[in-house]
Amino acid sequence: MSLRHWKATEWEGRLREVFDRIDDELEAKYGRQYPLHPARPPAGSTASREADGLFDIGAVFTPGFGSHHGRGYLVEVRLATPAKVPPAVVEQIEEEVVERLKALLPEAFPGRELRVERDGHLYKIIGDLSLGPV
């Protein structure tokens, strides 16, 4: 049994679906450019895109103490490769993730005002994170 409210679980499930779509797109574009970590199974071979393939894309909630933007979801983009990925390529991938988030969040959360903003050296999803009447 989870101690999380069912609306929070549902909200984060929709967000996970957005990240899974972006993960699929990035795997198609970059998946063969870098070797997978030896302990990482190929893309699509597990039940979770977080556990396979070159990318692990997701977000973690932060209350935003000390942040200019306040609370939100910090966007995490990890590449599961032992290869040295040039910083410019990592930055390009992160920018692609942000652009796709900006396009897909309105579909996943219609009627909500959500934005993706830089917060320090990371990106953060901010805006209407409410669960509605609980």
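**Helices, a sheet and the terms behind them**

Author: Let's start with R16, whose place is in helix α1. Helices here are DSSP runs of H or I with at least four residues, strands are runs of E with at least two, and both are numbered from the N terminus. This is a predicted model, in which local features need pLDDT of at least 70 and side-chain atom pairs count only at pLDDT 80 or more, while totals for chains, interfaces and linings use all residues. Residues are numbered from 1 along each chain as its sequence is written, and side-chain values use heavy atoms, with hydrogens and water left out.

Reader: Why is R16 called partly exposed?

Author: Buried means under 20% relative accessible area, exposed means over 50%, and partly exposed is what lies in between (1.4 Å probe, protein chains only). R16 has 21%, so it counts as partly exposed.

Reader: And what does R16 touch, leaving out residues up to four places away in sequence?

Author: R16 touches E50, I57 and G58 (contact means heavy atoms within 4.5 Å). R16 and I57 are 41 residues apart in sequence, and their C-alpha atoms are 8.9 Å apart.

Reader: Is E12 buried, partly exposed or exposed, and why?

Author: E12, also in α1, has a relative accessibility of 26%, and therefore counts as partly exposed. Beyond its neighbours within four places in sequence, E12 is in contact with R4 and Y73.

Reader: Then what makes T62 buried?

Author: T62, in strand β1, has a relative accessible area of 18%; that value is under the 20% limit, so T62 is buried. Leaving out residues up to four places away in sequence, T62 touches R71, G72, L74 and K124.

Reader: What makes β2 and β4 a pair?

Author: β2 and β4 (residues 122–127) share three bridges in the antiparallel sense, so they pair as well. Here V75 stands opposite Y123 in β4. Six bridges join β3 to β4, again antiparallel, and the bridge partner of E117 in β4 is K124.

Reader: What order do the strands of the open sheet have?

Author: The order of its four strands is β1-β2-β4-β3, with antiparallel pairing.

Reader: Why are β1 and β3 called edge strands?

Author: β1 and β3 (114–119) each pair on one side only.

Reader: Why is α1 called oblique to α2?

Author: Axes are lines fitted to C-alpha atoms, for helices over the stretch in contact, and angles run from 0 to 180 degrees between N-to-C directions. Helix α1 (residues 6–30) and helix α2 (residues 87–108) pack at about 140 degrees, with their axes 10 Å apart. Under 35 degrees counts as roughly parallel, over 145 as roughly antiparallel, 65 to 115 as roughly perpendicular and the rest as oblique. That angle is in the rest, so α1 is oblique to α2.

Reader: How do the residues of this contact divide?

Author: Twelve are nonpolar, one is polar and seven are charged. Nonpolar means Ala, Val, Leu, Ile, Met, Phe, Trp, Tyr, Cys and Pro, charged means Asp, Glu, Lys and Arg, and the others, Gly among them, are polar. Among those in α1 are R14, L15 and V18, which belong to the group that meets residues of α2 including Q92, I93 and E96.

Technical notes: Pairing = 2+ DSSP bridges.
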